[in-house]
Amino acid sequence: AAGQLTLSMPYTEVSDDDQAEAAVNKLSTLLTSGRLSDSNKEIIKKAYKEMLPDVDAALRMAQQLLLTSPEFHSTNIVKMSGESRAEPELPQPSGSPYKAIVYVMFGGGCDSYNMLVPHTCTGIKDMYAEYQQVREEIALPKSSLLEIDASTSNQICDSFGLHPKLKAVQGMYNDGDLLFFTNTGVLTKETDKENWRRDTVTQLFAHNWMQREAERVDPLKEADGTGILGRIADALNKKGRSVGTFSIERNTISLIGTPGLTSTPFILSRSGVSKFNNRASSESMEADIAAINNATAPESGVFGDYWSETLVKSLSHNKLLYDTLSDKQTDITFPTSYLGRQLEMVAKMIDSRAERGSDADMFFLSTGGWDTHSNVLDNMDRLFEDVDNSFKAFADEMKAKGVWDGVTVIETSDFARTLAPNTGRGSDHAWGGNYMMFGGGVKGGQIVGTYPDNLTDDGPRSLGRGRMIPTTSWDAVFLPLAEWAGATPDDLPNVCPNKDNFPASHFIDATALFEI
């Protein structure tokens, strides 16, 4: 038809060799400007002929193979050396005890002042009554709260209450495996009610900016283009550790480290790893792709060689993960929710650490629905029930597999939400909030940081409607976590490039948070 490209030819009276030669030459001209090497042409012509007399299948096979070639993916002249490309070597563990950091983002802004609520206070005022006054119709009834002891945490209250759906979280806190960071968030430096605009470079109250900064922890962009987990991985890689970096379902800057030091993160599905080319057009297709991307000669173009090296490495890793995860089963039944399935995949990846040659892993996952501008009470019931069930299943699985002491889960969010409700029985974007960290190596049963002692608009940390200026930065959260994972003091300025903007008193000793 007019205006359409066609590769149809009068093949009825043409030999198979001539037919293959004509088809591959035309594809080479169209897709590589004629740069397809003679050796790769021969591989593709052979595959083409094997599909005859089905001309459509033969043409499809030739196109598929050509699209994997270095000539298609670069503008280089590619010259093959005649040798096979070496199989990528598996990472070798250093022998250090295994450590995994699991970063969970509550995307949308968690209303965390309904996660951690003042309960019993023997000080100068009743903080629960103040909470109830400020939160109005979105306050949780005191009788519904799950009480936790905070008498050793130097807080305004002797005990706090957890959201009623967080029963497993309460259990981990009471068992000494879970702690809370309070009034925590993005900070460029310590600031106050008078100077916060001047002292803060991050665009506040915006989902994209504050999520990104919680994943970067680098407000001044001293290590621009990298993320907090990637820089922790950098520190471990420098020490000879074999570190894996994995995101479940989405891309994230948090896992990006220094190029050449920390490898590119893998993005995994919560359902596992799909086998590459699961419906191959021929039995020899995998071998043909490998041959098309064999080793190149020294004078060959560097970009074409980089494509082939990257492709071969990616296919090798895909096969390893597919073969390994196919045999992995959890001992615990996980929820079928989005969060539950992600944590189940993380559990299987941790169980595959020996096959992967890994002695440290960084995982990033996220769950949405936290932007509760309306019906916050109903939404939080649903969300926290899923969190509680999913976190419990993951903790139980880590214990069952004997790796609980080597795994730490850190939960973050874009920001907290206004203490004062809006007209839709919801809450709006705020700043400092309350967050969980748990694991077998965590010194739990404590609330770290400073819970606001005045929740009204007159309070020294409130910007109005209960938007709290944080007292604890993400830097103060992740630096001790990096030390637990194996970073040493000389690594810390690279892990958190903004650390020198805070006084030494701002930070928390790692031994106060972890069994080290």
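This is a predicted model: local features need pLDDT of at least 70, side-chain atom pairs count only at pLDDT 80 or more; totals for chains, interfaces and linings use all residues.
Colleague: Which helices each supply at least two residues of the lining of the second largest pocket?

Modeller: General idea first: rolling a probe the size of a water molecule over the atoms shows where empty space is left. In this case, α10 (285-292) and α11 each give at least two residues to the lining of the second largest pocket. α11 provides the largest share of that lining, with eight residues. Helices (H or I, at least four residues) and strands (E, at least two) are DSSP runs, numbered from the N terminus. A pocket is an open set of points on a 1 Å grid over the protein atoms alone, where a 1.4 Å probe fits, with protein on both sides within 12 Å along at least five of seven lines; lining residues have an atom within 4 Å of a point.

Colleague: How many Å³ of space lie in the second largest pocket, and which residues are closest to its centre?

Modeller: The second largest pocket holds about 510 Å³, counted as the space filled by probe spheres set on the grid points, which are joined across faces, edges and corners. Its lining has 22 residues, with Glu286, Ala290, Leu315, Ser316 and Lys319 closest to the centre. Sorted by class, that lining has nine nonpolar, six polar and seven charged residues. Here Ala, Val, Leu, Ile, Met, Phe, Trp, Tyr, Cys and Pro are nonpolar, Asp, Glu, Lys and Arg charged, and the others, Gly among them, polar.

Colleague: And what lines the largest pocket?

Modeller: That one has about 1,100 Å³ of space. Its lining has 34 residues, and nearest the centre are Ser263, Thr264, Phe266, Lys313 and His317. β6 (243-248) and α11 (302-326) each contribute at least two lining residues, and the largest share, nine residues, is from α11. By class, you'll find 15 nonpolar, 13 polar and six charged residues there.

Colleague: What is the order of the open sheet of three strands?

Modeller: Strands pair if DSSP finds at least two bridges between them. Here the order is β2-β4-β3, with antiparallel pairing. β2 (116-120) and β3 (146-149) are the edge strands, each pairing on one side only. Four bridges join β3 to β4 (residues 159-162), and Ile148 sits opposite Phe160 in β4.

Colleague: How many aromatic pairs are there?

Modeller: There are 20, counting rings of Phe, Tyr and Trp (its six-membered ring) with centres within 6.5 Å; planes under 30 degrees apart are stacked, over 60 edge-to-face and the rest tilted. Phe106 and Phe391 make a stacked pair, 6.5 Å centre to centre with 25° between the planes. Phe106 is in β1 (residues 99-106) and Phe391 in α14 (residues 376-400), so to speak distant parts of the chain, 285 residues apart.

Colleague: Which peptide bond is cis, and which residue has a positive phi?

Modeller: Most residues other than glycine have a negative phi, and most peptide bonds are trans. In this model, the bond from Leu52 to Pro53 is cis, with omega near 15°; Pro53 is in the loop between α2 (38-51) and α3 (55-66). Phe205, not a glycine, has a positive phi of about 70°, and Phe205 lies in the loop between α7 (196-199) and α8 (207-216).

Terms used
Residues are numbered from 1 along each chain as its sequence is written. Side-chain values use heavy atoms; hydrogens and water are left out.
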